[in-house]
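Work through the exercises below with the sequence and the model open. Each task is followed by a solution in steps.

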Amino acid sequence: MQLFRKILYPFSLLYALVVYVRNFLFDIGVFTSKIFKTPTICIGNISVGGTGKTPMVEFLISILKKDYQVAVLSRGYKRISKGFVLANNKSTVEELGDEPYQIWNKYVDISLAVDADRQNGISTLEKKIKPDVILLDDAFQHRKVKSGFSVLLTSYSELYVDDWYLPTGNLRDSRREVKRANVIVVTKCPQNLSKEEQENIRKRLQPKENQIVLFSYLEYSAQISSFKENVLLDFFTDKKVTLVTGIANPKPFLEYLNGVNLNYEHLAYKDHHFFSTDEIAMLNKKELILTTEKDYVRLKNTISNLYYIPIKHAFIGDGKEILSETLTAFMKQSS
């Protein structure tokens, strides 16, 4: 696979040129970015693959919803619906997409909408909901909207400074565009990441003077959940466990399970995979299925012995407090 991607290097140069021209046209005003009255916070990255966007959206919701009416706008990748859709108690994962549905399942006290047209989505939310703040999920590269505040994510094991453009690498946008971020979060770090290594990463990222660099890791819940019960990890001891993943980068999840000495067989599928009837029939023959939260929302109505491990972002040092204070300052400035 790596060799094939290297062979496609000439196409990555063409892709890089297209990205450069597009951003240049936005920079000089040929293409325009719209600024909305409602404060907008963008969460995104400049690469394809898992950097932990959905858990970060959930983290920001948990901070903001205490004091503000929060709305989330997502594209709703691979949903079967079209146009603007506002989530309600009858919404399905097929209608919203797996990640928005996961967020809506967890935070029913906010507003959540999907729309591939970000400008239309924000305008419709302003008319229908009038939220205090709109979180734009996976929208850093969507320059038709100029966000008031941007959180850019990059994975510890795949920093954007070490990457190259698609299809040879995983970059979908230029590294130069990182300058638009207010906060850069290095995600999926080792929990014991030293201050020396943090400083080395900061030097490699070369943030602007006004940019904050924070470090986070994925915190796995001690309780493993299903639609019928919550159990602890020892529940799976001496049982035949099948791990099912349909995410971009399951490596951190596998490292966690290996670290707690869980024995399992692993069935890996592509990101956002929707399971066929035959695949569901095969999985229902397994003794126990363990999966991610994103995969759980796609499988929960079809698999009987299905469990998932909830995850969330946890910050190294005082990162949580710094991000909370920065967001609070932005909201006060925007009011």
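**Exercise 1.** Is Tyr 165 buried or exposed?

Solution. The model is predicted, so local features need pLDDT of at least 70 and side-chain atom pairs count only at pLDDT 80 or more, while totals for chains, interfaces and linings use all residues. Residues are numbered from 1 along each chain as its sequence is written, and side-chain values use heavy atoms, with hydrogens and water left out.
- Step 1: buried means under 20% relative accessible area, exposed over 50%, and partly exposed in between, with a 1.4 Å probe and protein chains only.
- Step 2: Tyr 165 has 11% relative accessibility and therefore counts as buried.

**Exercise 2.** State how many aromatic pairs the model has, and describe the pair of Tyr 15 and Tyr 165.

Solution. 
- Step 1: rings of Phe, Tyr and Trp (its six-membered ring) pair if their centres lie within 6.5 Å; planes under 30 degrees apart count as stacked, over 60 as edge-to-face and the rest as tilted.
- Step 2: this rule gives 14 aromatic pairs.
- Step 3: the ring centres of Tyr 15 and Tyr 165 are 6.4 Å apart and the planes stand at 55°, so this pair is tilted.
- Step 4: Tyr 15 belongs to helix H2 and Tyr 165 to the loop between E6 and strand E7 (183-187), so the pair ties together parts 150 residues apart in sequence. Helices (H or I, at least four residues) and strands (E, at least two) are DSSP runs, numbered from the N terminus.
- Step 5: Tyr 15 is partly exposed at a relative accessible area of 28%.
- Step 6: ring pairs also link Tyr 9, Tyr 15, Trp 164 and Tyr 165 into a cluster.

**Exercise 3.** Find the peptide bond that is cis, and place its proline.

Solution. 
- Step 1: most residues other than glycine have a negative phi, and most peptide bonds are trans.
- Step 2: the bond from Leu 166 to Pro 167 is cis, with omega near 0°.
- Step 3: Pro 167 is in the loop between E6 and E7.

**Exercise 4.** Locate Ser 155 and list what it touches beyond four places in sequence.

Solution. 
- Step 1: Ser 155 is part of strand E6 (residues 149-155).
- Step 2: with 3% relative accessibility, Ser 155 counts as buried.
- Step 3: contact means heavy atoms within 4.5 Å. Leaving out residues up to four places away in sequence, Ser 155 touches Gly 50, Thr 51, Thr 187 and Lys 188.

**Exercise 5.** Which charged residues sit over the rings of Phe 140 and Phe 274?

Solution. 
- Step 1: a charge sits over a ring if NZ of Lys or CZ of Arg is within 6 Å of the ring centre and within 35 degrees of the ring normal.
- Step 2: Arg 180 lies over the face of Phe 140, 4.3 Å from the ring centre.
- Step 3: over the ring of Phe 274 sits the charged end of Arg 298, 5.8 Å from the centre.
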